[in-house]
Amino acid sequence: MTDAPRIPDKPALEGLEERWGGVWETAGTYRFDRANATRECIYSIDTPPPTASGSLHIGHVFSYTHTDVIARYRRMLGKQVFYPMGWDDNGLPTERRVQNYYGVRCDPKLPYDPEFVPPFEGGEGKSSKAADQVPVSRRNFIELCERLTAEDEQQFEALWRKLGLSVDWTQTYRTIGDEALFTSQLAFVKQVERGEAYQAMAPTLWDVDFRSAIAQAELEDRDQPATYHRVAFHQPDGGTIEIETTRPELLPACVALVAHPDDERYKPFFGTTVTTPIFGVEVPILAHHLAQQDKGSGIAMICTFGDVTDVIWWRELDLPNRAIIGFDGRVLAEAPEAITSEAGLAAYAELAGKTVFSAKKAVVDLLRESGELIGEPRNITHPVKFFEKGDRPLEIVSTRQWYIVNGAKDETLRAELLERGREIAWHPEFMRVRYENWVGGLTGDWLISRQRFFGVPIPVWYPLDAEGNPVHEQPIVATRELLPVDPSSQPAPGYDESQRGVPGGFIGELDIMDTWATSSLTPQLAGGWERDPELFDLVFPYDLRPQGQDIIRTWLFSSTLRAQLEAGVAPWKNAAISGFIVDPDRKKMSKSKGNVVTPAGLLDQHGSDAVRYWAASARLGTDASFDMNNPTQMKIGRRLAIKVLNAAKFILSFEGSADASVTVPLDRSMLAELSEVVLQAGTAYEHYDHARALEVAETFFWTFCDDYLELVKERAYGGEEGEKASAVAALKTALDVLLRLFAPVISFAAEEAWSWSHEGSVHVAAWPTTAELDEVKGEADGELLRLTSLALTGIRRAKTEAKASQKTPVDSAVIAGPADATERLVHAAADLRAVGRIADLRFEAADELSVRDIVLTPAEA
């Protein structure tokens, strides 16, 4: 602590963000210094890279503050904190934003136009329909993606800086930059070599609007209205078997009927056949345990493919594929080979080219005309699978895609992934169950290929045979030396560009990787895997993965998978899982629900420390309610930050040194209480309970200001020299500790107040310890401060009941209580007399502590 405090006349929160943000950047306060560092002295954080498409919302501020509080605490413990920031700027959200923002859509068949100017600049919402969008080449489209994400990233960084994230801004990365391309492609190449990445033709969940395959982790169920239609299938003996279906348009894709093996109604028919209505195709009746006896008529038709259960039945019962839905969501022009009758082909011709909705209506009409629709359709509501960012139900089509093994088909790998989950310390612990449930419920390997444009290209080419057909079974996989590479514009090894697309030549893979295939490698991206081995060895495995609970199944799982496949280890020691932000009706805030709050206005209105306080008040894994019209916690946080500044100004105004001896029992008692607070706060932080750490510090601080400071200020101003020095030293020692306790949360106010009496930043000062306080306080009665606070409360209440001002002089008063309490309070008698303006203060025995027999001076009575 310096001898000449630099205190402003009127401390204020306004302007602190700009002032200290600039100082921290210039001084490199949060810079990661790897020189002479060892793994033991480093605390590394695998920071979530926010999606750079649009704007940040209040949920980002919530969870990223949780991470920053942890980072600041570890830095004050003396750790070299590796705290990078990434930008997740590839994938479908970015493409959709670019389409709407600029009014364009990608057509990879078009040539590049170096002079292209988009029709809109900031045209949000003006061009959301494809018909309104100008087609551009893939290269033009990617240039626009890169332009817009770069602009978004600058805005994001400015907001993060204003919030006070102690990120090392020299350690940033993008999920679409050259380093990300290299890392993602190299990991893929290695997995192909090890047999962990493979290509297969298989039923695929498909979004007809995005024209892309969708992975299991990207699905969500939405309740949708539907209609059950009861339909008659014909038996050879002239009888019928009735089924109920919500997808009558898939009758031409029917390959079997299925019932539960224990269903007595259908046991006699297993192994027999029926003929489909309208289309006249003979299909078998089979048994499978997934058939539900209490659903519909108890027997279902298997179509290729109506839902994911159809896929399971198709695979496990070894059934033919008669898929009729195309990539555009319309019925294919060519009928399945199994439909051979003239009537069946004529019926199919009425469906060809129709949307699923129109085809359903046409089939229902045909069934009604033929008499094979039994009764009237029955309306229901049931869950339907959607792409999480899509608008229409998914279809299932057969496509050739790339997959990465994930334990769904490999029990050994599944067991290893579960073991990695047990090795990670989860905060809170119950979140581990969500990870284990996801691993246990996997039904297929991870589909990573996407039929999109802005992302990491899959580094593969295919040779063309003599007829110019691609030989998919002999992929040409890029070597490390070629990475990063774009097969759509660079020739395959051993070929030149003139051989692209010609018989005997090659063709490049046009698909890109799923965005999670890159984001799953954030530990490797940020840590320099295979690019900077020294750095990677210093930070990996990381100490912390902070993230939201909603992406345990995607980001956390996929990162664990990639680390297991590559290194056989868990990628982090700890996982800190934040809860959701919910509105006053307890509904999760999200863009899709239209109830999100953007944080810029909140930071301007309340100040960054107030917003940080609100976020830090919520424990990990706990949802926090936020009411835009009544942000109570932010108001409390702002009050706390202002009080810290004012209390610091007041304490530093006293003449005297923090190094003087603390001799008065009340001063020592206060420091003993503060020592316990330091112990509890440190323990809470070690258990990743930042909310508890803030709670104990804040509770003590208000008692310190409202009671202790009031009790000793008269003595600190002009008491006997030794007692005055004791009060001033205790006050300044406590302030020094409190500023460090608050620094992780109200970071700007703590830094401002610290700067008035210290050189350097509070954020690189040592975290307070009980040892440093024990050395100052010596022998102390830890109960004395609490008892004195109770006595002071009693004095205040007595004056209030007498309808007198707290400044009213008192001739005499009695503090009564148990002998143990009054004997202790004698040591604080002088301070109690001073604060209460009491001339004669006596202590008497009683069962309970109270203040009584208070006599105001005659002039005041």
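Student: Is Asp604 buried or exposed?
Tutor: Asp604 counts as exposed, at 54% relative accessibility. The cut-offs are under 20% relative accessible area for buried, over 50% for exposed and partly exposed in between, with a 1.4 Å probe and protein chains only. This is a predicted model, where local features need pLDDT of at least 70, side-chain atom pairs count only at pLDDT 80 or more, and totals for chains, interfaces and linings use all residues. Residues are numbered from 1 along each chain as its sequence is written, and side-chain values use heavy atoms, leaving out hydrogens and water.

Student: Which residue forms a salt bridge with Asp604?
Tutor: Lys162 does, with the closest N and O atoms 2.1 Å apart. A salt bridge here is a side-chain nitrogen of Lys or Arg within 4 Å of a carboxyl oxygen of Asp or Glu. Lys162 is partly exposed, at 23%.

Student: New topic: how many salt bridges does the structure hold?
Tutor: It holds 61. One of them pairs Glu686 with Arg74, at 3.6 Å from N to O. Glu686 is partly exposed at 38%, whereas Arg74 is buried at 9%.

Student: And what about Arg432?
Tutor: Arg432 forms a salt bridge with Glu436, at 2.5 Å between the closest N and O atoms. Both are in helix α10 (residues 432-440), and because they are 4 residues apart, about one helical turn separates them.

Conventions: Helix = DSSP H or I, 4+ residues; strand = E, 2+ residues; numbered from the N terminus.
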